[in-house]
Amino acid sequence: MAIKIKHIKRAELNFWDKTYLPSLFLGLAITSRHFFRNLFLHIFHSVGLFKNVKASVTFQYPEEQRPLSRRTRTRHRLTKREDGSPRCVACMMCETVCPAKCINIIATENPDPNIEKMPKSFDLDLGMCVYCGFCVEVCPEDAIRMDTQIIDTAAYSRKAMQLDMNDLLNPQQKKDEDG
Ligand code: SF4
Ligand code: SF4
């Protein structure tokens, strides 16, 4: 079956459009308006004037982090039971569903007779992860979450981006170690 391609007629550019000058000056005007508005508002704020008019601020990342929505998928963590052991039962569903194949679990028997298995090791390679959240969605035990609000995953080596079970159980400790 032949496919019909609909041709869209583009508007003809006039002389000024072809010079790009109107768009250029419009862009400069918008940038300048924001710049001077914020400049004067910050000066006024410093002497106690127009405090009710908000001025834009720049977040001084990484020292200062912009607040994230609670729904933002951030670095993974493994949740714990009351005794501190991982909730994970090593069912392998997250490892199976992961499209990036970046989860690697080795299972072992759980000493608790009511729970069949637990992870002996649980490795996650952040360098390969695409942050899709499938691992969180599929987990039947609510054992893995992406709610740490830690977004910086930069490292000097690929190895440093690999999280082991201890890193996943203690994400804040890992972040502090990374500096
Ligand atoms: S967020 Fe997606 S890519 Fe990352 S570990 Fe989970 S399933 Fe795999
Ligand atoms: S899906 Fe949940 S319980 Fe199953 S292996 Fe992954 S983290 Fe553990």
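Reader: Which residue in S5 is the bridge partner of Leu-124?

Author: In general, strands of a sheet pair through backbone hydrogen bonds, either parallel or antiparallel. Here the partner of Leu-124 in S5 is Leu-163. Strands are DSSP runs (E, at least two residues), numbered from the N terminus, and two strands pair if DSSP finds at least two bridges between them. The model is predicted: local features need pLDDT of at least 70, side-chain atom pairs count only at pLDDT 80 or more, and totals for chains, interfaces and linings use all residues. Residues are numbered from 1 along each chain as its sequence is written, while chains are lettered from A and ligands numbered from 1 in the order in which they are written.

Reader: How many bridges join S2 to S3?

Author: Seven bridges join S2 (residues 103-109) to S3 (residues 117-125), and the two run antiparallel. Glu-109, for instance, has Lys-117 in S3 as its bridge partner. S3 also pairs with S5 (residues 162-163) in the antiparallel sense, over two bridges.

Reader: What is the order of the strands in the open sheet?

Author: The order is S2-S3-S5, with antiparallel pairing. S2 and S5 each have a single partner strand and stand at the edges, so one side of each lacks a neighbour in the sheet.

Reader: Which residues of the largest nonpolar core touch the most other members?

Author: In soluble globular proteins, nonpolar side chains tend to be buried together. A nonpolar core is a set of buried Ala, Val, Leu, Ile, Met, Phe, Trp, Tyr and Cys residues joined through C-beta atoms within 7 Å; buried requires 20 or more other C-beta atoms within 10 Å of the residue's own, with C-beta atoms placed from the backbone. Of the 17 residues in the largest core, Leu-78, Cys-88, Cys-94, Ile-103, Cys-135 and Ile-144 touch the most other members. S2 and S3 each supply at least two residues of this core, and the largest share, three residues, comes from S3.

Reader: Where do the domains lie along the protein chain?

Author: Domain 1 covers 17-63 and domain 2 covers 77-178, with bounds from an automatic or database domain assignment. Their centres, taken over C-alpha atoms, are 43 Å apart.

Note on methods: Helices (H or I, at least four residues) and strands (E, at least two) are DSSP runs, numbered from the N terminus. A residue is buried if 20 or more other C-beta atoms lie within 10 Å of its own, exposed if 12 or fewer, and partly exposed in between; C-beta atoms are placed from the backbone.
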